[in-house]
Amino acid sequence: MAFGFACLPAGATYRLLRARVPAVLVPTRGLAADEDGLSLVDITVESGRIASIVAAGTASLDTGLDAVELDGGIVLPRPVDIHTHLDKGYLWPRRPNRDGTFMSALAGVDQDRSQHWTADDVRTRMNFGLRCAFAHGTGAIRTHLDSIGDQTDISWPVFAELREEWRGRIALQATALFPLDLVLDEETFRHVVATVARHGGLLGGVTFLGQAPDAATDHALDRIFQAADAEGLDVDLHVDESASPDARTLERIARAVIRNEFRGKVLCGHCCSLALQPEAEAERVIDLVAEARLAVVSLPLCNLYLQDRQPRRTPRWRGVVPIHELQAAGVPVMVASDNTRDPFYAYGDLDMIEVFREATRILHFDHSGHDWLRTIAATPADVMGLDRHGRIEAGDAADFVLTRARSLNEFLSRPQSDRMVVVAGRPIDTTLPDYRELDPLMNVPRRNAFGSQARSDG
Ligand SMILES: [Zn+2]
């Protein structure tokens, strides 16, 4: 018998003994769970698929299969990252955000897009992001794609190519992103809808950009839900990413869904300003969100970075949605990466374990009597319509993230840099791509911080 996951057999048939799995992500009935909601199980993998999951020690060891003793280490399904911007990612050296504000981010990305976003540029940066996400263990990603002007016809075909290239490694979806008033330009909107429908994407939009919602907002939302209904598309919106008291479009979205009897799935991202509304008002909106069957994703890293940022003033709030209250009202809630190394968020690497670890601190997931691991796994998988993702279930591909942590405390205290990622039963290379690969896109002189001699090999 081998000991430790470093000894995973090269073949894709073996048994994992004494793995700790989140009970909430394992449909097997009758498993006991510890105070962290983790169950101790033995998992049999056959030809890259999960053959069985049983309580640890309850099945015969005499199967002739290689066995790997995990010694109680936590095993997760590969996470699902439901809100990203792969098309904006990894352009920081070329377009840093000088003051870290939302308005500078908008202006910086507008300028960068008009100057640099050729098919090659977008493809290279998107592919780099996918390699990072894959190495960190992510199994499915939804990205927003800026769908404004010429960019629509550049980014969507690149996305379609990458979705094919990555099939079997990362399941990919895309949502069109544009300011809401684009909808009022009949011809442009029709082109965006046709492009999205052709590529099997989703309709999106930014519902608040500084103006209090009015009749024109309702009209634009009606157009989006009617177009989505006609084409059979789901909808994924950027909502109230602001501290402004005027940022109140979440309620308008809920009313538009109810008014149009829209039956597709609707995901609302950010919803930051809801946390600043008076309690009674927020409760009323949350009830409406539940009635309209909206799902909500919080982007804790990006919103901690962008919201409440003022020169020489310490930030006073976290910028995140009231996720506990939404969850208690029965709204599907989740967390995701959002931007990575672009003017909207200077940092990040599409690592969902980092997102969950920081979300636990920022949103107080801990000590709450609720198991929040669903927010990076089964819940976003359900919203994306991927029933084979985000859980550990017999019959599914043997896709896991294996860690040495035996409790959530051990799991959340370290970055899990020694995690092992298993895809279809086999460990993958978790080496992260080198930032230097992107230097040719960044128009910056190459520097070598480690000495005066530049490397000749790369
Ligand atoms: Zn976003």
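Biologist: What makes the arrangement of the four donor atoms around the zinc ion irregular?

Modeller: Donors are N, O and S atoms within 2.8 Å of the metal (3.2 Å for Na, K and Ca); water is not among the atoms, so sites may look incomplete. Four donors count as tetrahedral if all angles lie between 85 and 135 degrees; four count as square planar and six as octahedral if opposite donors are over 155 degrees apart and all others between 65 and 115; anything else is irregular. Here the angles run from 86 to 176°, which makes the arrangement irregular. This is a predicted model, where local features need pLDDT of at least 70 and side-chain atom pairs pLDDT 80 or more, while totals for chains, interfaces and linings use all residues. Residues are numbered from 1 along each chain as its sequence is written, and side-chain values use heavy atoms, without hydrogens and water.

Biologist: Which protein atoms are the donors of the zinc ion?

Modeller: His83 (NE2), His85 (NE2), His238 (NE2) and Asp338 (OD) lie 2.1 to 2.4 Å from the zinc ion. Their spacing along the chain is H-x1-H-x152-H-x99-D.

Biologist: Are histidine 83 and aspartate 338 buried or exposed?

Modeller: Buried means under 20% relative accessible area, exposed over 50%, partly exposed in between (1.4 Å probe, protein chains only). Both histidine 83 and aspartate 338 are buried.

Biologist: Which residues have the most contacts inside the largest nonpolar core?

Modeller: A nonpolar core joins buried Ala, Val, Leu, Ile, Met, Phe, Trp, Tyr and Cys residues through side-chain atoms within 4.5 Å. The largest has 105 residues, and Leu203, Phe225, Ile253 and Leu294 have the most contacts inside it. A second, separate core of 21 residues includes Leu8 and Met420.
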